[in-house]
Amino acid sequence: MTPKPATRYNMRKNDHNEWWTVYDIMSGMAAEVAGTILNRCEMAEADDIVDLLNAEYIARRKGSTH
């Protein structure tokens, strides 16, 4: 059995522009929150979103969310 990664989200710079995409490392696809695809973020915004989504992912894995 392959262990799950400690984090699930990361960010990558979009080609040919200044925007960043927050993506799911398991699927390689852009992350989506409440119907919004996270693919046109400023760098600092993407970094904050990655931190928040990973914190939520870790909490879910530990069973500490409702």
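User: Let's start with the big picture. How many helices and strands does the protein chain have, and what pattern do they follow along the sequence?

Analyst: Begin with the count and then the order. The protein chain has one helix and four strands. Going along the sequence, the pattern reads β-β-β-β-α. Keep in mind that this is a predicted model.

User: What share of the residues is buried, and what does the accessible surface come to?

Analyst: Of the 66 residues in the protein chain, 27% are buried. The accessible surface comes to about 5,000 Å², and carbon and sulfur atoms account for 53% of that.

User: What about contacts between residues that are apart in sequence?

Analyst: Take the contacts between residues at least 6 apart in sequence: 32% of them join residues at least 24 apart.

User: Now salt bridges. What's the general idea?

Analyst: Side chains of opposite charge can pair when their charged atoms come close. The cut-off used here is a side-chain nitrogen of Lys or Arg within 4 Å of a carboxyl oxygen of Asp or Glu. By that rule there are two salt bridges.

User: Where does Asp 24 come in, and what is its partner?

Analyst: Asp 24 pairs with Arg 8, with 2.8 Å from N to O. This pair links distant parts of the chain: Asp 24 sits in strand β2 (residues 20-24), while Arg 8 lies in the segment before β1 (9-13), 16 residues apart.

User: Is Asp 24 buried or exposed?

Analyst: Buried means under 20% relative accessible area. Asp 24 has 10% relative accessibility, so it counts as buried.

User: Why does Asp 48 pass the accessibility cut-off?

Analyst: Asp 48 has a relative accessible area of 46%, which makes it partly exposed, and the patch rule asks for over 30%. As for its place, Asp 48 is found in helix α1 (residues 43-62).

User: Let's move to the backbone. Which residues other than glycine have a positive phi?

Analyst: His 16 is one of them, with phi near 65 degrees. Look for His 16 in the loop between β1 and β2; at 85% relative accessibility, this residue counts as exposed. Ala 34 also has a positive phi, about 50 degrees, although it is not a glycine. Ala 34 is in the loop between β3 and β4 (36-37), and its 80% relative accessibility makes it exposed.

User: Is Leu 38 buried or exposed, and what does it touch?

Analyst: Leu 38 is in the loop between β4 and α1, and at 10% relative accessibility it counts as buried. Leaving aside neighbours within four places in sequence, Leu 38 is in contact with Trp 20, Thr 21, Val 22, Ala 31, Val 33, Ile 49 and Leu 53.

User: One more loop. Where is Gly 28, and which residues does it touch?

Analyst: Gly 28 is in the loop between β2 and β3 (32-33). Not counting residues up to four places away in sequence, Gly 28 touches Arg 12 and Tyr 23. Its relative accessibility is 31%, so Gly 28 counts as partly exposed. From Gly 28 to Tyr 9, C-alpha to C-alpha, the separation is 9.3 Å.

User: What about Ser 27?

Analyst: Ser 27 is in the loop between β2 and β3 and is partly exposed, at a relative accessible area of 46%. Ser 27 and Tyr 9 are 18 residues apart in sequence, yet 10.0 Å apart in space, C-alpha to C-alpha.

Technical notes:
Residues are numbered from 1 along each chain as its sequence is written. This is a predicted model: local features need pLDDT of at least 70, side-chain atom pairs count only at pLDDT 80 or more; totals for chains, interfaces and linings use all residues. Side-chain values use heavy atoms; hydrogens and water are left out. Helices (H or I, at least four residues) and strands (E, at least two) are DSSP runs, numbered from the N terminus. Buried means under 20% relative accessible area, exposed over 50%, partly exposed in between (1.4 Å probe, protein chains only). Contact means heavy atoms within 4.5 Å. Accessible areas come from the Shrake-Rupley method with a 1.4 Å probe; for residues, only the protein chains shown count as cover.
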